[in-house]
Amino acid sequence: MISASKIKSVDFYRKIPRDLTEASLSGAGLSIIAALAMMFLFGMELSHYLSVSTSTSVIVDKSSDGDFLRIDFNISFPALSCEFASVDVSDVLGTNRLNITKTVRKFSIDSNLRSTGAEFHSGPAANVIKHDDKVDEEFTEGAFVFTANNFDKYAHQFPITVVNFYAPWCYWSQRLRPAWEKASKIIKR
């Protein structure tokens, strides 16, 4: 076991001069307790320094209703038409604002992200044809309007029959019309 003289040799608080001092058991105990306390405090400070802490706080916005945070951003979607791009905003408190386009500027771009025209402005389209409106369509040569009565007649009259389900009020049908007309001319040859 550990003898009392060995414990006494740990005494940090001996009286000076050393030749005249004598180690005491109470001084050694006090030295050991102080060393343990210093190691404990050092360990606690080191663990606190190495630990990661995250604090979250919620601050209520005290500004008036008309004052909003301005956010500037630049996002490019080369394959998305400007008319379908919109911004929806929601915050942590559950407030949702949909289709915010009043302050959003949109430009048509090409695949190299270069502007291809003027700024896009949404608004009422000119010459809009609604779903039930009757329209006198001009068809290219070789194009026929199919009905339930004449479908069999025309479908079996030619070796290749391509059917375009065209609706004059449909935006995508209008955009595809030149491609269909070109295809009908190629097939006719």
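Helices (H or I, at least four residues) and strands (E, at least two) are DSSP runs, numbered from the N terminus. This is a predicted model, where local features need pLDDT of at least 70, side-chain atom pairs count only at pLDDT 80 or more, and totals for chains, interfaces and linings use all residues. Residues are numbered from 1 along each chain as its sequence is written, and side-chain values use heavy atoms, with hydrogens and water left out.

**View 1. K106 in strand β3.** K106 sits in β3, which covers residues 106-109. This lysine has 11% relative accessibility, so K106 counts as buried (under 20% relative accessible area; exposed is over 50%, partly exposed in between; 1.4 Å probe, protein chains only). Skip the neighbours within four places in sequence, and K106 is in contact with C82, A85, T101, E119 and F120 (contact means heavy atoms within 4.5 Å).

View 2. G27, A28 and S31 are the buried residues of α2, and they pack against α1 (4-8).

**View 3. The kink in helix α4.** Here's α4, residues 171-188, reaching 26 Å from first C-alpha to last, close to the expected 26 Å. Look for a kink of about 40° at R177, shortly before the proline P178 (the bend is the angle between axes fitted to the seven residues ending there and the seven starting there). W172 also belongs to α4; at 42% relative accessibility, W172 counts as partly exposed.

Notes
The expected span of a helix is 1.5 Å times one less than its number of residues.
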